[in-house]
Amino acid sequence: MTRTVQLRTLLIALPLLASSVAVAADKGQELHEAHCTSCHSSEVYTRQDRRVKDLAKLHAQVGRCAQGNDLDWSAQDIDAVATYLNGSYYKF
């Protein structure tokens, strides 16, 4: 692949990737508001002694919360909530 073709491919792919991240964050926000805010205020995400220290731990914690609350979330749902939380609070 030539550099020109690679650059064109990248220029086409970037808006699509940004769009898919935005859609995931929107779905994540919806799921979070529907299922998580009854137990958690935003303080759990912003406190000094929070247990989540990286993106992998955030995904794992969202998965544990979903399982512990008998939510039938797919891997995409867990990823969407983690994406929303990371964008809104954690910034990993």
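Three aromatic pairs are found in this structure, which is a predicted model. In one of them, the ring centres of Tyr-45 and Tyr-89 lie 4.9 Å apart with their planes at 35°, so the pair is classed as tilted. This pair connects distant parts of the chain, since Tyr-45 belongs to helix H2 (residues 43-46) and Tyr-89 to helix H4, 44 residues apart.

**Aromatic cluster**
- Tyr-90 and Phe-92 make up a stacked aromatic pair, with 5.4 Å from centre to centre and 20° between the planes.
- Tyr-45, Tyr-89, Tyr-90 and Phe-92 together form one aromatic cluster.

**Accessibility of the ring residues**
- Tyr-45, which has a relative accessibility of 6%, counts as buried because the cut-off for that class is under 20%.
- Tyr-90 is likewise buried, at a relative accessible area of 7%.
- Tyr-89, with a relative accessible area of 24%, is partly exposed, and Phe-92, at 39% relative accessibility, also counts as partly exposed.

**Helix H4 and its end**
- Helix H4 (residues 75-90) spans only 20 Å between its end C-alpha atoms, whereas a straight helix of 16 residues would span 22 Å at 1.5 Å a residue.
- The buried residues of H4 are Asp-77, Ile-78, Ala-80, Val-81, Ala-82, Tyr-84, Leu-85, Asn-86 and Tyr-90.
- In an α-helix there are 3.6 residues a turn, so residues three or four places apart point the same way.
- After H4 comes Lys-91, which has a positive phi, near 60°.

Definitions and conventions:
Residues are numbered from 1 along each chain as its sequence is written. This is a predicted model: local features need pLDDT of at least 70, side-chain atom pairs count only at pLDDT 80 or more; totals for chains, interfaces and linings use all residues. Side-chain values use heavy atoms; hydrogens and water are left out. Helices (H or I, at least four residues) and strands (E, at least two) are DSSP runs, numbered from the N terminus. The expected span of a helix is 1.5 Å times one less than its number of residues. Buried means under 20% relative accessible area, exposed over 50%, partly exposed in between (1.4 Å probe, protein chains only). Rings of Phe, Tyr and Trp (its six-membered ring) pair if their centres lie within 6.5 Å; planes under 30 degrees apart count as stacked, over 60 as edge-to-face and the rest as tilted.
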